[in-house]
Amino acid sequence: MINNATEETSSRNGLRAYPRALPQPVISVLRACSRATSRLLWQVRWRGTENIPDQGGLIIVANHQTYIDPFWVGALVKRPVRFLAWDEAFGWPVVGKALRWLGAWPLQVEKSDPTAIKRSLRWLRDGGAVVMFPEGGRGNPDGSLGRFKPGAVRMALESGVPILPVTIRGGERVWPNTMRVPRLGRQVEVIYHPLIKVEQLENEDVRECARRESERLSKIVASAL
């Protein structure tokens, strides 16, 4: 199981090195603050939390409407979590450093990014959790899903870990991609669905499997919108 010693110890000591983040106890406090703030500003409710496993490699997949989504998704997850985030955001003042402190790793969303993928696979095999947004960017202003890219499913196939589908309902009313700042007072629900295990059918190639299972994943997430 992932712990802070593993995350922060240099590979010179025989452990796999990961980019440093804030200590887990600090992140736990920040998550509690995030829950309280979200309830106050957007009346956020979380459902299906019994579906969140406490340990073991896990890919958490959600729809994406706002820049607040990672906080909403991770608020009820009581374990170290890493987020794959748009690499350009790491160059923004203040935001870039905050992303690193909170455990985000840069991902080039417009092309294959082997560094981010290899790091995430190591993290998953070491028992960590990774949050991904398969739409690749913020979704449609009406809340409908964009097409899911197959990266999350491919990663699940390679690592052998389950996927936790998550639906964020109402995020488009808070901060659609047509607005610069979020609205207040809109109601939001975060729904954690039962775990799914992606499996390759007999005589099915990886590309076809990733397409089929991505469509299945998309339907599960869309079912609660």
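Okay, one definition before anything else: buried means under 20% relative accessible area, exposed means over 50%, and partly exposed is in between, with a 1.4 Å probe and protein chains only. Glutamate 189 is buried on that scale, because its relative accessible area is 19%.

Quick housekeeping. This is a predicted model, so local features need pLDDT of at least 70 and side-chain atom pairs count only at pLDDT 80 or more, while totals for chains, interfaces and linings use all residues. Residues are numbered from 1 along each chain as its sequence is written, and side-chain values use heavy atoms, with hydrogens and water left out.

So, the sheet. It's open, it has seven strands, and the order is E1-E7-E6-E2-E5-E3-E4 with mixed pairing. Strand E1 (45-47) and strand E4 (104-107) are the edges, each pairing on one side only. On average, neighbouring strands here are turned by 25° against each other, direction ignored. For the bookkeeping: helices (H or I, at least four residues) and strands (E, at least two) are DSSP runs numbered from the N terminus, and two strands pair if DSSP finds at least two bridges between them. Strand E3 (residues 81-86) runs parallel to E4, with four bridges between them, and phenylalanine 83 sits opposite alanine 104 in E4.

What packs on this sheet? Helix H8, residues 206-222, does, touching strand E2 (58-62) and strand E6 (163-169). The direction of H8 makes about 40° with that of E6. Contact here is heavy atoms within 4.5 Å; axes are lines fitted to C-alpha atoms, for helices over the stretch in contact, and angles run from 0 to 180 degrees between N-to-C directions.

Staying on H8, serine 214 is in that helix, and it counts as buried because its relative accessibility is 5%. Leaving aside residues up to four places away in sequence, serine 214 touches Phe148, Lys149, Pro150 and Val153.

Now the inside. A nonpolar core is a set of buried Ala, Val, Leu, Ile, Met, Phe, Trp, Tyr and Cys residues joined through side-chain atoms within 4.5 Å. The largest one has 29 residues, and Ile60, Trp72, Val166 and Tyr192 touch the most other members. E2, helix H3 (69-74), E3, strand E5 (129-132), E6 and strand E7 (189-192) each put in at least two residues. Take tryptophan 72: again skipping residues up to four places away in sequence, its contacts include Trp42, Trp46, Ile168, Val190 and Tyr192. There's also a second, separate core of 25 residues, with Ala116, Leu145, Val153 and Ile196 among them.

Last topic, charges. How many salt bridges does a search of the whole structure find? Nine, where a salt bridge is a side-chain nitrogen of Lys or Arg within 4 Å of a carboxyl oxygen of Asp or Glu. Arginine 169 and glutamate 189 make one, closest N and O atoms 2.3 Å apart. Arginine 169 is in strand E6 and glutamate 189 in strand E7, so the pair ties together parts 20 residues apart in sequence. Arginine 169, at 27% relative accessibility, counts as partly exposed.

Glutamate 213 is buried at 3% relative accessible area, whereas arginine 216 is partly exposed at 33%. Through shared partners, salt bridges join Glu204, Arg212, Glu213 and Arg216 into one network.
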